[in-house]
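Here is a short briefing to read alongside the model. Please keep the sequence and the structure open as you go.

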Amino acid sequence: MSYFTNVNPIQYEGIESNNPLAFKFYNPEEKIAGKPMKEWLRFSVAYWHTLTMDGSDPFGNPTMNRPWNEQYTGMDAAKARAEAGFELFETLGVPFFAFHDVDIAPEGSHLRETNKNIDEIVAIFREQMKSSGIGLLWNTANMFGHPRFMHGAATSSNADVYAYAAAKVKKGLEVAKELGSKNYVFWGGREGYETLLNTDMALELDNLARFYHMALDYAKEIGFEGQFLIEPKPKEPMKHQYDYDVASAYAFLQKYDLADHFKINIEANHATLAGHTFEHELHYARVNHILGSVDANQGDMLLGWDTDEFPTDIYMATLAMYEVLQNGGLAPGGLNFDAKVRRTSFEPIDLLYAHVVGMDTFAHGLRVAQQLIDDRVLESAVKERYHSYTGGIGLDIVNGKTDFHKLEAHALDANIINKSGHQERLRGVLNQYIHGGKSLR
């Protein structure tokens with residue numbers, strides 16, 4: 001059956017189009033810096049928010065009209081979700097999707113039954129992927145929802161839970177191998193603590209590192225060659241998350257000899273929860289060579305939780321795509337819409353509206369970012385600001401040819417003249433590019 005009736009595959013119609021089910025900026029084959037848009041953006045649909053979410057929140061009951069969930073139960077609902085999902089993916093023309101294990105199949109009374117349920121849906125995915133050409137960007141294990149994970153998973157105080165988490169990841173890696181996933185994500189939703197009064201932090205961090213090393217060993221054993229990703233997430237649900245932001249995750253990877261084996265999956269809303277901008281997290285990862293993939297969404301600055309809104313902020317998307325372009329792209333990662341329609345946008349068609357807007361937002365950002373790079377707008381400003389390091393004492397500093405004695409000798413008689421950073425001017429230029437002061441069509 002069709003779950004999105006009377007809807008044709010979404011096409012590019014350009015900025016003048018008034019069709020809400022047409023792309024205004026996303027033209028998949030349009031070349032940007034020598035590559036088609038679709039290769040820079042590598043869009044992916046998140047299975048959980050899109051196909052399983054019911055619209056409930058801490059203050060209200062479900063609101064979503066989802067025929068694939070309402071007309072069926074158990075494994076029949078899981079099969080209907082798969083059918084609806086691939087219909088949606090093909091209508092949008094996205095090349096990828098992503099999922100947690102519990103998104104695609106219900107948990108059984110024990111892990112053996114759960115794995116059997118997963119295998120049944122994976123077989124359906126395999127056929128759907130073959131016929132549609134749609135790939136798996138990444139998969140992961142949900143190790144935060146069930147009460148067994150109340151103390152964490154790979155950082156749990158309970159060794160039995162630790163073993164259960166390992167078994168789930170083992171299965172997840174086998175699924176990733178079978179479906180040709182480009183990545184495998186570790187989403188540490190409860191890898192943290194609430195109070196140090198009852199926490200052995202050193203043991204928990206050591207155990208987490210041991211867990212990651214065992215995952216690497218098993219991936220090698222079964223021949224899974226996808227990229228391993230860690231997704232930082234501050235505050236929610238633990239007060240102190242071990243993977244609070246890119247910097248803390250990178251420090252962990254360096255300490256435990258994992259930095260050569262993992263990259264970072266950065267979510268926009270998680271960046272803001274950590275008190276950073278999205279572009280800060282992307283930039284920090286890029287300059288440290290660990291930018292792997294992106295969860296594309298945005299938060300509400302007036303709310304203090306992970307609202308996971310579909311991205312519409314062109315300013316944010318432009319600066320994000322500037323980092324992606326400077327990174328040479330995201331492959332084998334991509335832009336996964338870890339975003340949910342608002343609770344009041346409850347019709348199935350709203351899923352299409354939301355993804356079209358999100359895809360257009362990043363496509364627009366990509367175009368603007370490439371123009372900024374072509375015109376060397378930000379590069380020129382940075383070069384001018386740091387000009388003092390291109391000669392004299394500054395060049396000696398950069399080349400490691402000085403010490404405190406030489407620097408003191410220079411400073412004693414130096415006439416220090418700072419130059420303005422012209423921040424407001426640059427923001428004005430950025431606005432000019434974003435709002436079409438330069439040709440973007």
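In which loop does R376 lie? R376 sits in the loop between α13 and α14, where helices (H or I, at least four residues) and strands (E, at least two) are DSSP runs, numbered from the N terminus. This is a predicted model, in which local features need pLDDT of at least 70, side-chain atom pairs count only at pLDDT 80 or more, and totals for chains, interfaces and linings use all residues. Residues are numbered from 1 along each chain as its sequence is written, and side-chain values use heavy atoms, with hydrogens and water left out.

**Backbone features**

- Most residues other than glycine have a negative phi, and most peptide bonds are trans.
- R376 has a positive phi of about 55° although it is not a glycine.
- With a relative accessible area of 45%, R376 is partly exposed (buried means under 20% relative accessible area, exposed over 50%, partly exposed in between, with a 1.4 Å probe and protein chains only).
- H289, another residue to look up, has a positive phi near 65° and is not a glycine; H289 belongs to the loop between α11 (278-287) and β13.
- H289 is exposed, its relative accessible area being 64%.
- The peptide bond from A331 to P332 is cis, with omega near 10°, and P332 is in the loop between α12 and β14 (335-337).

- H49 belongs to helix α2 (residues 47-52) and counts as buried at 11% relative accessibility.
- The side chain of H49 makes a polar contact of 3.0 Å with the side chain of D308 (a pair of N or O atoms within 3.5 Å; within protein, one must be able to donate a hydrogen and the other to accept it, and residues adjacent in sequence count only if both atoms are side-chain atoms).
- A polar contact of 3.0 Å also links the side chains of H49 and D338.
- N297 is in the loop between β13 (291-295) and α12 (314-326), and counts as buried at 0% relative accessibility.
- The side chain of N297 makes a polar contact of 2.9 Å with that of D308.
- Leaving aside neighbours within four places in sequence, N297 has contacts (heavy atoms within 4.5 Å) that include E267, M316 and D338.

**Helix packing**

- Helix α7 (residues 159-179) packs against helix α8 (residues 201-222) at an angle of about 30°, with axes 10 Å apart (axes are lines fitted to C-alpha atoms, for helices over the stretch in contact, and angles run from 0 to 180 degrees between N-to-C directions).
- α7 and α8 are therefore roughly parallel to each other (angles under 35 degrees count as roughly parallel, over 145 as roughly antiparallel, 65 to 115 as roughly perpendicular and the rest as oblique).
- Among the residues that meet are Y162, V169 and L173 in α7, and F211, M214 and Y218 in α8.
- By class, the contact of α7 with α8 has 11 nonpolar, one polar and four charged residues (Ala, Val, Leu, Ile, Met, Phe, Trp, Tyr, Cys and Pro count as nonpolar, Asp, Glu, Lys and Arg as charged, and the others, Gly among them, as polar).
- The axes of α13 and α17 come within 9 Å and cross at roughly 125°, which makes α13 oblique to α17.
- In α13, H364, V368, Q371 and L372 meet L430, Y433 and I434 of α17; five of the contact residues are nonpolar, two polar and none charged.
- V377, E379 and A381 are the buried residues of helix α14 (residues 377-385), and the buried residues of α14 pack against α12, α13 (348-374) and α17 (423-434).
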